[in-house]
Amino acid sequence: MSNLIVHGGQALRGTVTPSANKNAVLPVLCATLLTDEPIVLHRVPDITDVRKLLDFFRSLGSEVDMDFATGTLRMRHGAAITAGQARLPAGMRSSIMLVPAMLHRFGRVRLEDDVTGCTLGVREVDPHIEVFRTFGATVSLEPGAVTVQARQRFAATDHWLEYASVTTTENFVLCAVAAGGRSHLTNAACEPHVQEFCAFLGLMGARITGTGGSQLVVDGVQALGGAEYSFVDDFHEVATFLALSAITGGDVTVRNGAAAQFPLLDRTFAKFGVELEHRNGLSRAQVHGPLKVRPPFTANILQKVEAAPWPYVPADLLPIFVALGVRAEGSVMFWNKVYEGALGWSSELGKFGAHAVLCDPHRLIIYGGKPLVPATVESPYIIRVAIALFMLAASIDGRSTILNALPIRRAHPRFVENLNALGASVEWVASD
């Protein structure tokens with residue numbers, strides 16, 4: 001069941017509750033492996049990456065009690081777990097964040113070539129290898145894998161990242177909390193999910209200062225304890241449902257416990273004629289008339305949406321704004337400053353009748369407001385691109401098909417069920 005059949009042209013209406021942010025949930029799950037004590041997590045989403053990690057923990061011998069109906073996970077790794085023949089989960093980038101805890105427990109871990117995530121462009125592992133080596137690990141290249149070893153407890157260190165990578169920042173923190181002494185990280189990522197991850201580690205007894213900024217200080221502790229935690233609303237999913245509301249001409253109210261993270265997103269939506277309203281823990285998208293690109297105050301330049309590490313517009317959300325740009329009358333340049341080649345999927349937009357020009361591996365110009373038609377399009381293995389293609393299909397009268405839409409299940413539980421409850425007509429079907 002990897003394709004989506006969409007009967008578009010229906011305005012979405014109703015209320016929806018977003019799930020937790022997978023980019024917070026997965027690092028937190030990796031962090032739990034640093035303690036022998038019980039862990040209780042609430043609002044854990046039923047997504048494929050979570051299931052892969054839980055299966056991995058079971059293969060180690062961990063106690064795992066997951067109730068997906070309530071979203072409550074009770075887990076204890078214990079001192080008796082063994083690496084055995086366990087392999088890091090394939091097909092998900094967050095597997096690399098299991099390395100620090102595996103080194104802490106077992107002194108050795110093998111990183112297979114197929115430990116990858118979304119095909120967002122060039123995503124190197126070199127920054128992670130540098131972090132492991134900085135803390136004293138040895139790294140060797142083998143056929144089809146990289147082996148990382150640490151014969152003793154990590155020693156505290158200072159490190160300066162080449163760029164503010166989320167997963168590399170989280171890997172540094174995972175190494176530092178179990179190291180002896182005080183570690184410093186410069187050019188740290190500060191995304192909301194990184195802050196949530198650090199807050200959870202604080203509940204476990206980690207000592208981290210500077211969260212939310214580019215300088216992190218971590219004082220290593222001898223042992224981390226258990227914790228109970230409830231994940232917050234995913235601002236990515238909140239923004240996605242608001243964009244779906246706007247592009248279909250609907251009226252969807254989204255629960256939003258993360259409104260403090262929206263000021264720049266509010267202004268970005270406004271570039272397409274969409275006004276967001278946040279009140280009493282709820283958010284709505286209001287559109288007065290057809291979507292229309294707001295021209296810049298400066299004459300003779302294109303309106304722009306630039307995506308870069310937080311506090312810029314997140315690169316993960318750029319595709320939903322591309323979809324709005326296709327529908328809105330006017331022209332917009334989209335600039336992905338994070339991933340090279342991540343806009344190559346724009347050729348699929350032409351199948352709907354959109355006018356898109358890929359300038360280079362980082363920049364795309366959309367000439368919006370063109371007549372659109374239903375189409376069969378193919379999604380790359382990128383979560384929000386599959387959703388952007390769905391957004392366009394949902395806004396067009398007629399039957400469209402999104403091939404290879406399975407990445408949506410990596411981040412959004414009950415995606416189809418939520419959409420149909422809002423008035424959409426969409427279903428999963430098996431590929432041929």
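Is Asn256 buried or exposed, going by its relative accessible area? The close-ups below start with that residue.

This is a predicted model, where local features need pLDDT of at least 70, side-chain atom pairs count only at pLDDT 80 or more, and totals for chains, interfaces and linings use all residues. Residues are numbered from 1 along each chain as its sequence is written, and side-chain values use heavy atoms, leaving out hydrogens and water.

**View 1. Asn256, in the loop between strand 14 (251-255) and helix 8 (263-270).**
With a relative accessible area of 4%, Asn256 is buried (buried means under 20% relative accessible area, exposed over 50%, partly exposed in between, with a 1.4 Å probe and protein chains only). Helices (H or I, at least four residues) and strands (E, at least two) are DSSP runs, numbered from the N terminus. The Asn256 side chain gets to the backbone nitrogen of Ala259 at 3.3 Å. If you skip residues up to four places away in sequence, Asn256 touches Asp233, Val238, Phe262, His278, Gly281, Leu282 and Ser283 (contact means heavy atoms within 4.5 Å).

**View 2. Gln303, a residue of strand 17 (residues 303-307).**
Gln303 counts as buried because its relative accessibility is 9%. A polar atom of its side chain sits 2.6 Å from the backbone oxygen of Arg294. Arg294 also turns up among the residues in contact with Gln303, along with Lys271, Val293, Pro295, Pro296, Ser331, Val332 and Met333, once neighbours within four places in sequence are set aside.

**View 3. Helix 4 (residues 126-134) packing with helix 5 (residues 166-177).**
The two pack at an angle of about 15°, their axes 9 Å apart (axes are lines fitted to C-alpha atoms, for helices over the stretch in contact, and angles run from 0 to 180 degrees between N-to-C directions). That makes helix 4 roughly parallel to helix 5, a label for angles under 35 degrees. Helix 4 brings Pro127, His128, Val131 and Phe132 to the contact, and helix 5 brings Thr167, Thr168, Asn171, Phe172 and Cys175. Sorted by class, that contact has 5 nonpolar, 4 polar and no charged residues (Ala, Val, Leu, Ile, Met, Phe, Trp, Tyr, Cys and Pro count as nonpolar, Asp, Glu, Lys and Arg as charged, and the others, Gly among them, as polar).

**View 4. Helix 1 (residues 22-31), mostly covered.**
Here 10 of the 10 residues are buried, including Lys22, Asn23, Val28 and Cys30. At the N-terminal end, Asn21 caps helix 1, with a side-chain oxygen 2.8 Å from the backbone nitrogen of Asn23.

Notes
Polar contact = N/O pair within 3.5 Å; in protein donor to acceptor, adjacent residues only side chain to side chain. Parallel < 35°, antiparallel > 145°, perpendicular 65-115°, else oblique.
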